[in-house]
Amino acid sequence: MIFLIAVSSIAFMNAASNSTYFYNSNGQLLSFNDIDIDSIMFSNIDLNGVECDGIVTQLIYAGDSIYQIPIEKMDSVAFTPRMQQKDEYGITIGQEVDLGLSVNWAGWNVGASSPEQYGGYYAWGETEEKDYYSGETYKYWVDSDGSRSFSFDEITNIGANIKGTQYDVARQKWGGSWRMPTIEEFNELIIKCSWIWILHNDSVYGYKVTGPNGNSIFLPAAGYRNGYLFDGTCDGFYWSASFYDDGYNGLSWVHWFGNGYYYSDRTYFRIYGLSVRPVK
């Protein structure tokens, strides 16, 4: 009796958007991109058209072609991440970049449209830019005593983690499942990735961050703002969604870096305008 066993190409091939490589025993390599495969079946018909008692071949349907591979010749089946295209500086192209981490990182900042652009500057929990960043202009300062004099103990606590909330500028500006990263996700970015300080597009300094799978993002040293731009081209200050809870409402966790250093265990004043790099 002739029989075929079908394997869903969606479930089998597209689980992680990978390429599949089939190795045979004589050292030759057959490789297939998951998006090119229509279906995979296993058959009891050998290469000579002879019916066998058990499964002896694997059939790969790709467009108008059918590839018949003897099971006994297959040493292994391996999966490797599909590499995204890169620019001349080795930065992976695209709004969403898979670095091989627990989340995918955006290719540029909120308010930007390319990796080297600084993008917008936002006080923590605010979703719009402004001309001047100070305690008096901070949206969540409440002048409780009517003195018109800013005090950090008059800042409203809007939550310990604002990711995905109304206070998350990445969610509000980009929508979908985009959000601000947590400080733990920034820490993962440091621990599991390589960091190289580069000059991108001959104009902007920052870090090329390369993940375990070889894809890379660029984090520009965009500085920060109060009334002016400070430390632009020298340092980068990126908000996390994580509040620094020590009974003092004025600070949140940030990712801070410059040439030769990068930290995910620093805090900064919520009232100032910093960069935001989304994740999803």
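Trainee: What makes the contact between Lys173 and Glu128 a salt bridge?
Mentor: Keep in mind that this is a predicted model. The closest N and O atoms of Lys173 and Glu128 are 3.1 Å apart, and the rule asks for a side-chain nitrogen of Lys or Arg within 4 Å of a carboxyl oxygen of Asp or Glu, so the pair qualifies. Lys173 belongs to helix H2 (residues 169–174), while Glu128 is in the loop between strand S9 (105–106) and H2, and the two are 45 residues apart. By this rule there are six salt bridges.

Trainee: Why is Lys173 called partly exposed?
Mentor: Its relative accessibility is 37%. Buried needs under 20% and exposed needs over 50%, so Lys173 falls in between. Glu128, at 47%, is partly exposed by that reasoning too.

Trainee: How do you know that Glu185 and Arg179 form a salt bridge?
Mentor: Their N to O distance is 2.6 Å, and the cut-off is 4 Å, so the label holds. Both Glu185 and Arg179 are buried.

Trainee: And what makes Glu188 and Lys192 a salt bridge?
Mentor: Here the closest N and O atoms are 3.5 Å apart, which is within 4 Å and therefore counts. The two residues are four apart in helix H3 (residues 183–192), so about one helical turn separates them. Glu188 has 12% relative accessibility, and because that is under 20% it counts as buried. Lys192, at 49%, is partly exposed, because exposed would need over 50%.

Trainee: Let's turn to the strands. Which strands form the open sheet, and in what order?
Mentor: Three strands form it, in the order S15-S16-S17, with antiparallel pairing.

Trainee: Why are S15 and S17 called edge strands?
Mentor: Strand S15 (235–243) and strand S17 (261–269) each pair on one side only. On average, neighbouring strands of this sheet are turned by 30 degrees against each other, direction ignored.

Trainee: How do you know that S16 and S17 are paired?
Mentor: Seven bridges join strand S16 (residues 251–258) to S17. Pairing takes at least two bridges, so this is a pair. As one example, Val254 has Arg266 in S17 as its bridge partner.

Trainee: Where does the charged end of Arg266 sit?
Mentor: Over the ring of Tyr263, 3.9 Å from its centre.

Trainee: How many aromatic pairs does the structure hold?
Mentor: It holds 28.

Trainee: Why is the pair of Tyr140 and Tyr167 called edge-to-face?
Mentor: Their ring centres are 5.5 Å apart, within the 6.5 Å limit, and their planes stand at 80 degrees, over the 60 needed, so the pair is edge-to-face. Both residues lie in the loop between S9 and H2, so the pair ties together parts that are 27 residues apart in sequence. Tyr140 is buried, at 12% relative accessibility.

Trainee: Which residues do ring pairs link into a cluster?
Mentor: Among them are Trp141, Phe150, Phe237, Trp256, Tyr263 and Tyr272.

Note on methods. Residues numbered from 1 in each chain as written. Predicted model: local features only at pLDDT ≥ 70, side-chain atom pairs only at ≥ 80, totals over all residues. Heavy atoms only, no water. Buried < 20%, exposed > 50% of the residue type's maximum accessible area, 1.4 Å probe, protein only. Axes fitted to C-alpha atoms, helices over the stretch in contact; angles between N-to-C directions. Phe/Tyr/Trp six-rings, centres within 6.5 Å; stacked < 30°, edge-to-face > 60°. Lys NZ or Arg CZ within 6 Å of the ring centre and 35° of its normal.
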